[in-house]
Amino acid sequence: MIDDNMLILLGIVAGLLVLGSLIAEVGVRVARTEGGIDVAKNLKDRMRSWWLMATVFAVSVLVGGVMTVVLFGVSSFLALREFITLTPTRRGDHRALFWAFFVIIPVQYLLIVQERYSAFLVFIPVYAFLLIPARMAAAGQTEGFLGRMSRIQWGLMTCVYFIGHVPALLALDIVGYTGTNATLLFFFILIVQINDVSQFVVGKLIGKRAIAPLVSPNKTVAGMVGGLTISAGVGASLAWITPFGVIDAAAIALCVAFMGFMGDLTMSAVKRDIGVKDYSQAIPGHGGVLDRLDSLTFAAPAFFHIVRYFYTGQV
Amino acid sequence: MIRDIFAGVIRIITGCRSRHAGPCDSTGPRVYFANHTSNLDAVVVWSSLPRECRRDCRIVAAKDYWGRTAVRRWLACKVFRAVLIDRKGVTKSNYPLRDITACLDDGCSVIIFPEGTRGDGDGAAPFRAGLWHIARDRPGVEIVPVWIENLNRVLPKGEVLPVPIAVAVTVGEPVVRGADEPKQPYLERCRDAMLGLRGEPS
């Protein structure tokens, strides 16, 4: 699975991580104000978690195939667990939740491993969506039925269905790009995460006007524009490792970054509704698994379908 | 060793996060009292204690449940070192409090559920008197409140299959009995201290 392009991507990630860790180290030493010290300490925690996440991700992509699918399957499980833990559920949801965690997640990821594209596409939005309310109706508790049902469905949609589109990239038959889909997956994750980080950094440095102050005061117009620009630039400069031309790569990276932003914003609105700041404290400095994956949920289906529609010769 | 492995596995399965509001390095015996919402309560509290506290901590459990099968008996005796008590036919001679105080006198801590029955996970029923008897008879023993969040959602009453909702355990500061403090006020103070640990979910 290791080819030259993958090595270059690994080198870029390692370089960015070293840079971030250096900044954090310097920050901890020079920070004098209380706020500055907090920011530097948080950055240090974040960087430590980044190293861990990058290592786990890189190893599972390098081992390849089933390992990559397993990594995202476990991430889906942990994300759904965080989501359901914070969401008020009732006694009547219990059996439906059991199905969601122990049947629907494994089946969905099995379909990804077996590369059954059409079954993968309809299993959750059609059949799981029929099963969940039916099981809840059979349990007989009707108060708040519509709300309870849609919470579980939304959890499955974001945490399992959307995230599942990332490992599903491995099954695509891209014209003139056989056997290196793992590199494309790596490229996609890199763009989404670079967009997250650069949006945050640019927003902190020069951001003024918040896009949706009630949802997330940290997301500013300048941050979004900065993030989109940097992502498109990185996408264009890495075009040669993808099946895309330079302009296409920039446009696709732009689209992925924009979807990532919308995912982040939407999942923030969900958090506001539940009344929490982070989904959990599973990843020091970052919050929960779902806090790290929120932008991925929206970006993954978009990227998957762009590649499938324009680069595989299938409609 | 095997106890540590069990504690670790239980923490992973229940996704248990524990918070300690008070000091957790006490050397003397302690009584941890918690809200009772699930069959797994005692085991989860036990597994979320810091290692040095867990070592000398025993759970107090019903003989009719934990004595039923060989596996449960093995778990209860070897792993959780349970103090098994009779729930039915309690007389003066097998009064459960005696086993508990004997255990405290041996220098062990115990985990008890003073509501006496499982609740729905939101509030707490009035406490039984046992806690007060311990506080009066063993003034050197720290009485520590514990709040268990979400465990009733993992395995509600009457369900067999668990759902992997993350559990949170909060250990509070000891509730010290005032000199000559009577039973009811003390029990209510304990109950309030326990309910006071209910926090934000984050």
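This is a predicted model: local features need pLDDT of at least 70, side-chain atom pairs count only at pLDDT 80 or more; totals for chains, interfaces and linings use all residues.
Let's start with chain B and its open sheet of seven strands. Going across, the order is β1-β7-β6-β2-β5-β3-β4, and the pairing is mixed. At the edges you'll find β1 (17-20) and β4 (83-85) of chain B, each of which pairs on one side only. On average, neighbouring strands in this sheet are turned by 20° against each other, direction ignored.

Now pick out strand β6 (residues 142-149) of chain B. How many of its eight residues are buried? Seven are, so to speak, tucked away: the strand is mostly covered. One of its partners is β2 (residues 30-34) of chain B, and these two pair in the parallel sense over five bridges. Strand β7 (residues 168-171) of chain B is joined to β6(B) by four bridges, but here the strands run antiparallel. Look for B:Glu149, which has B:Ala168 in β7(B) as its bridge partner.

Over at β4(B), three bridges link this strand to β3 (residues 57-62) of chain B, and the two run parallel. B:Val60 and B:Val83 are bridge partners there. Helices pack on the sheet too. Helix α2 (residues 41-48) of chain B touches β1, β2, β3, β5 (109-112), β6 and β7 of chain B, and its direction makes about 175° with that of β3(B). Helix α6 (residues 96-105) of chain B touches β3, β4 and β5 of chain B, at about 170° to the direction of β4(B).

Next, hop over to chain A. Helix α1 (residues 4-30) of chain A has 27 residues and reaches 39 Å from its first C-alpha to its last, close to the 39 Å expected. Its residues A:Leu9, A:Val13 and A:Ala24 are buried, and the buried residues of α1(A) pack against α2 (34-63) and α7 (181-206) of chain A.

Why does A:Val61 count as buried? Because it has 24 C-beta neighbours inside 10 Å, and the cut-off is 20 or more. Beyond its neighbours within four places in sequence, A:Val61 is in contact with A:Thr68, A:Ala182, A:Leu185 and A:Phe186. A:Ala182 is 121 residues away from A:Val61 in sequence, yet their C-alpha atoms are 6.5 Å apart in space.

Finally, see where the chains touch: 14 residues from chain A and twelve from chain B take part. On the chain A side, α3 (66-86) and α4 (94-113) each supply at least two residues. That side divides into six nonpolar, four polar and four charged residues.

Conventions. Residues are numbered from 1 along each chain as its sequence is written. Chains are lettered from A and ligands numbered from 1 in the order in which they are written. Two residues are in contact if their C-beta atoms, placed from the backbone, lie within 7 Å. Ala, Val, Leu, Ile, Met, Phe, Trp, Tyr, Cys and Pro count as nonpolar, Asp, Glu, Lys and Arg as charged, and the others, Gly among them, as polar. The expected span of a helix is 1.5 Å times one less than its number of residues. A residue is buried if 20 or more other C-beta atoms lie within 10 Å of its own, exposed if 12 or fewer, and partly exposed in between; C-beta atoms are placed from the backbone. Two strands pair if DSSP finds at least two bridges between them. Axes are lines fitted to C-alpha atoms, for helices over the stretch in contact, and angles run from 0 to 180 degrees between N-to-C directions.
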